[in-house]
Amino acid sequence: MTRLTPFYENVRSHYDLADEFFALFLDSTRTYSCAYFEHEDMSLKDAQLAKIDLALGKCDLTPGMTLLDIGCGWGSTMIRAADKYDVNVVGLTLSRNQYQYIRQIVAPIPSRRRMEVRLQGWEDFDGHADRIVSIGAFEHFRLERYDDFFRKCSAILPSDGRLLLHTIVGFGQKLREMGIPITREDIQFHRFILREIFPGGQIPLPDWVTDHAVDAGFKVERIQALQPHYARTLDLWVESLRAHRAEAITTTSEQVYDRYIKYLTGSAARFRSGHIDVMQFTLLNQHHVPE
C-alpha cells in the first residue's frame, strides 16, 4: 500500500493561527465544533460537554478501554473520556499548537488512566483501540482517502468496535431536489471557505460517508443530524468574537478578524437555510479488514 502523508500544511494553516485568537470566541474547553443544546438554557460550555457526551455515549465505552480520538483539537474530548468514562485515550492532531497545549494541560490532571497526545495523522497510527471517535476532522480527509480511512479504522478496532464520526455534510446537486436554491453568493462563499479558511478541505455528502464505511466492513447503526445546534453555536462564537474585536485584531489583524466574521456568519446562515448539516454517524465494525 502506498504510504499516505497527512495534510499537515493545510491543517496548520488554520488551527495554528494563534491559540489566543481561538480562545477569544470558543468556550473555556476550547471545543471547536458543533455544541449540543440539550436544554434551551444551556451555556455554550455545557452544550459542548453535552455534545461530547452525546458522541461518547454512542461508543459503548466501559472502564479500562482505549479510545482513539482522531483530530482531538485542544483535548476536550480526551479529558472528558478519561474523567467521566474512565478510559485510556490517545489523541491525534496535526496542529503543533494543539499538541503543545494538550501536553501542558493534561500533565497536571490526576487520572488513573493514560492520556496521550500525538502529533500524528491517522495515516501513520500503527496501534489498536477499542473505540474510535472523530469530531470535526473528517472534513479535512478528502474523498480520495475515504477508503483508506475506513479500512484503517476497521483494522485498528476489534470486530465489535465502534467508530463515532461527527462531520459537517453537504448535499451537492440534491439541494435542488430539496427545494433549496444555490445562488452565486453560495458558490462564492464555498470558494472563499476553501481558499481562505480551510484550504484542501472537502465537505462530504452523507452517502459518501455511509457507502465508504460499509465497503470497509462497518454497519451504519445510527445517523443523527444536529443542524440547528451548529447555527446556534456559530451565533455564540460570532457574538463572543465581536465582543473581543480589539483583542482579536491585536492578536492577529483586522483582515483576519473580518475573514472569521464572514466565515462564521456565512456558515450559520447556511446551516439555517439547509445548505449544510452536521451529522453523527455511529458505525459498528463487523470484521477486521487487513491493511
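## Aromatic rings in the predicted model

Tyr-15, Phe-21, Phe-22, Phe-25, Tyr-32, Trp-74, Phe-198, Tyr-230, Trp-237, Tyr-260, Tyr-263 and Phe-271 make up one aromatic cluster. The structure is a predicted model. Searching the whole of it gives 29 aromatic pairs. A pair of aromatic rings is described by the distance of the centres and the angle of the planes. Two of the pairs are set out below.

| Pair | Centre to centre | Angle between planes | Class |
|---|---|---|---|
| Phe-138 and Phe-141 | 5.6 Å | 75° | edge-to-face |
| Tyr-260 and Tyr-263 | 5.5 Å | 80° | edge-to-face |

Planes over 60 degrees apart count as edge-to-face. The planes of Tyr-260 and Tyr-263 stand at 80°, so this pair is edge-to-face. Both tyrosines belong to the aromatic cluster. Both also lie in helix α12, which spans residues 254-273. They are three residues apart there, about one turn of the helix.

A residue is buried if its relative accessible area is under 20%. Tyr-260 has a relative accessible area of 4%, so Tyr-260 is buried. For Tyr-263 the value is 7%, and Tyr-263 is therefore buried as well.

Charged side chains also sit over aromatic rings. The charged end of Arg-232 is placed over the ring of Phe-37, at 4.1 Å from the ring centre. Lys-262 lies over the face of Phe-192, with 4.2 Å to the centre of that ring.

Note on methods
Residues are numbered from 1 along each chain as its sequence is written. This is a predicted model: local features need pLDDT of at least 70, side-chain atom pairs count only at pLDDT 80 or more; totals for chains, interfaces and linings use all residues. Side-chain values use heavy atoms; hydrogens and water are left out. Rings of Phe, Tyr and Trp (its six-membered ring) pair if their centres lie within 6.5 Å; planes under 30 degrees apart count as stacked, over 60 as edge-to-face and the rest as tilted. Helices (H or I, at least four residues) and strands (E, at least two) are DSSP runs, numbered from the N terminus. Buried means under 20% relative accessible area, exposed over 50%, partly exposed in between (1.4 Å probe, protein chains only). A charge sits over a ring if NZ of Lys or CZ of Arg is within 6 Å of the ring centre and within 35 degrees of the ring normal.
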